[in-house]
Amino acid sequence: MTTTAKLEMTENQYEQMIFGFYARWCESVTGNSRQFQQALANSSINNWFLMELTKCEAEFHQLTDRYVNSNVTSFDFQKCYNECTYRMFNIRPAALLETIKIKQGVKVFNTINQN
């Protein structure tokens, strides 16, 4: 059974849910609106996010496949899906996010104490 079937969503509703999730995640890993917009539009960050989301969804299916023909509701599946995907807020692709800061003009200067 697919994720959309378990959550009783259309493909469009699922895509909107994922986009909203991605936008909230981008907001959580950036420091200002410019970084947020750059992260949201960055294809490498989006690809990384979708790859990690696929891992979360695999875990979701591993946990829920045995309950497909039982009395488990789509609400229960949604709660499980949320638990499996919530960990996304605890991980971030530091190297990819660093490129946003560099593109934005943030530079790191080493200060050398000279006497």
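Colleague: Is Phe-89 buried, exposed or partly exposed?

Modeller: Phe-89 is partly exposed, with a relative accessible area of 23%. Buried means under 20% relative accessible area and exposed over 50%, with partly exposed in between, using a 1.4 Å probe and protein chains only. The model is predicted: local features need pLDDT of at least 70 and side-chain atom pairs count only at pLDDT 80 or more, whereas totals for chains, interfaces and linings use all residues. Residues are numbered from 1 along each chain as its sequence is written, and side-chain values use heavy atoms, with hydrogens and water left out.

Colleague: How many helices and strands are there in the protein?

Modeller: The protein has six helices and zero strands, and its pattern along the sequence reads α-α-α-α-α-α. These are DSSP runs numbered from the N terminus, where helices are H or I with at least four residues and strands are E with at least two.

Colleague: What share of the residues counts as buried?

Modeller: Of the 115 residues, 33% count as buried.

Colleague: Turning to the rings, how many aromatic pairs are there?

Modeller: The count is nine aromatic pairs. Rings of Phe, Tyr and Trp (its six-membered ring) pair if their centres lie within 6.5 Å; planes under 30 degrees apart count as stacked, over 60 as edge-to-face and the rest as tilted. One of the pairs joins Phe-60 and Tyr-81, whose ring centres are 5.3 Å apart and whose planes stand at 85°, so the pair is edge-to-face.

Colleague: Where do Phe-60 and Tyr-81 lie in the chain?

Modeller: Phe-60 is in helix α4 (residues 43-64) and Tyr-81 in helix α5 (residues 74-86), 21 residues apart, and the pair links distant parts of the chain. Phe-60 is buried at a relative accessible area of 0%, and Tyr-81 is also buried, at 2%.

Colleague: What is the geometry of the pair of Tyr-86 and Phe-89?

Modeller: That pair is tilted, at 5.7 Å centre to centre with 45° between the planes. Tyr-86 is exposed, with a relative accessible area of 55%.

Colleague: Which residues form the aromatic cluster?

Modeller: Tyr-86 and Phe-89 belong to one aromatic cluster with Phe-21, Tyr-22, Trp-25, Trp-48 and Phe-49.

Colleague: Which ring has the charged end of Lys-6 over it at 5.2 Å?

Modeller: The charged end of Lys-6 sits over the ring of Phe-60, 5.2 Å from its centre. Lys-6 also lies over the face of Phe-77, at 5.9 Å from that ring centre. A charge sits over a ring if NZ of Lys or CZ of Arg is within 6 Å of the ring centre and within 35 degrees of the ring normal.

Colleague: How many salt bridges does a search of the whole structure find?

Modeller: The search finds two, a salt bridge being a side-chain nitrogen of Lys or Arg within 4 Å of a carboxyl oxygen of Asp or Glu. One of them joins the side chains of Asp-65 and Lys-6, at 2.4 Å from N to O. Asp-65 lies in the loop between α4 and α5 and Lys-6 in helix α1 (residues 3-6), so the pair ties together parts that are 59 residues apart in sequence.

Colleague: Are these two partners, Asp-65 and Lys-6, buried or exposed?

Modeller: Lys-6 counts as buried at 1% relative accessibility, while Asp-65 is partly exposed at 42%.

Colleague: And where do Lys-55 and Glu-52 lie?

Modeller: Lys-55 and Glu-52 both lie in helix α4, three residues apart, about one turn of the helix. Their side chains meet in a salt bridge of 3.0 Å, N to O. Lys-55 is partly exposed at 43%, and Glu-52 is buried at 10%.

Colleague: Changing topic, what is the volume of the largest cavity?

Modeller: Its volume is about 40 Å³, and the count comes to one cavity of 30 Å³ or more. On a 1 Å grid over the protein atoms alone, a cavity is a set of points where a 1.4 Å probe fits but cannot get out, and lining residues have an atom within 4 Å of a point. Grid points are joined across faces, edges and corners, and a volume is the space filled by probe spheres set on the points.

Colleague: Which residues line the largest cavity?

Modeller: The lining consists of Val-29, Thr-30, Gln-35, Leu-97, Ile-100 and Lys-101. Helix α6 (residues 94-103) gives the most to this lining, with three residues.

Colleague: Finally, what is the phi of Glu-8?

Modeller: Glu-8 has a positive phi of about 50° although it is not a glycine. Glu-8 is in the loop between α1 and α2 and is exposed, at 62% relative accessibility.

Conventions
On a 1 Å grid over the protein atoms alone, a cavity is a set of points where a 1.4 Å probe fits but cannot get out, and a pocket is an open set with protein on both sides within 12 Å along at least five of seven lines; lining residues have an atom within 4 Å of a point.
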